[in-house]
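Me: I'd like to learn how to read a model like this one, feature by feature. Can we start with how accessible a side chain is?

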Amino acid sequence: MDTDKTIFQMFNGIRPMARELGEPPSNVAAWKKVGRIPAEKQPHVLAVGLKLGLPITAEHVVFPLGRPHAAYADLPPLDARVFCDRQNASQCAEAAEPKI
């Protein structure tokens, strides 16, 4: 992936990208602002980019502003456990054991 260019730069800006995709420029500008192309639009964006001969990949569509910064890879994994103050009956340890 060309990490120096965003997908918006590959299309030469928001307005040219919107024109090629048949989307309002405000939609494409919103995608850029949030850094995400909606999942239902991603296949179309990729197909149009490839049809135009742009060197884009699915990774460009999923990460339109480039991959998250490498520094985030150094963070420890998140603890998957969830703690709740209140538990319903199905979450209690006694409920997990079958009653005979």
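Me: Is lysine 41 buried, exposed or partly exposed?

Reply: This is a predicted model, so keep that in mind throughout. The cut-offs are under 20% relative accessible area for buried and over 50% for exposed. Lysine 41 has 28% relative accessibility, so it counts as partly exposed.

Me: And which residue forms a salt bridge with lysine 41?

Reply: The general idea goes like this: side chains of opposite charge can pair when their charged atoms come close. Here, lysine 41 pairs with glutamate 23, and their closest N and O atoms are 2.7 Å apart. Glutamate 23 is buried, since its relative accessible area is 13%.

Me: Where in the chain do the two partners sit?

Reply: Lysine 41 is in the loop between α3 (25-34) and α4, while glutamate 23 is in the loop between α2 and α3. The two are 18 residues apart, and the pair links distant parts of the chain.

Me: Let's move on to helix packing. At what angle do α2 and α4 pack?

Reply: For packing, look at the angle and then at the distance between axes. Helix α2 (residues 14-21) and helix α4 (residues 42-51) meet at about 100°, with their axes 10 Å apart. Angles of 65 to 115 degrees count as roughly perpendicular, so α2 and α4 are roughly perpendicular to each other.

Me: Which residues make the contact?

Reply: From α2 it's Met17, Glu20 and Leu21, and from α4 it's His44, Val45 and Val48. By type, the contact of α2 with α4 has 4 nonpolar residues, 1 polar and 1 charged.

Me: What about glutamine 42, buried or exposed?

Reply: Glutamine 42 lies in helix α4. Its relative accessibility is 19%, so glutamine 42 counts as buried. Setting aside neighbours within four places in sequence, glutamine 42 is in contact with Ile37, Val61 and Val62. The C-alpha atoms of glutamine 42 and histidine 60 are separated by 9.7 Å.

Key:
Residues are numbered from 1 along each chain as its sequence is written. This is a predicted model: local features need pLDDT of at least 70, side-chain atom pairs count only at pLDDT 80 or more; totals for chains, interfaces and linings use all residues. Side-chain values use heavy atoms; hydrogens and water are left out. Axes are lines fitted to C-alpha atoms, for helices over the stretch in contact, and angles run from 0 to 180 degrees between N-to-C directions. Helices (H or I, at least four residues) and strands (E, at least two) are DSSP runs, numbered from the N terminus. Angles under 35 degrees count as roughly parallel, over 145 as roughly antiparallel, 65 to 115 as roughly perpendicular and the rest as oblique. Contact means heavy atoms within 4.5 Å. Ala, Val, Leu, Ile, Met, Phe, Trp, Tyr, Cys and Pro count as nonpolar, Asp, Glu, Lys and Arg as charged, and the others, Gly among them, as polar. A salt bridge is a side-chain nitrogen of Lys or Arg within 4 Å of a carboxyl oxygen of Asp or Glu. Buried means under 20% relative accessible area, exposed over 50%, partly exposed in between (1.4 Å probe, protein chains only).
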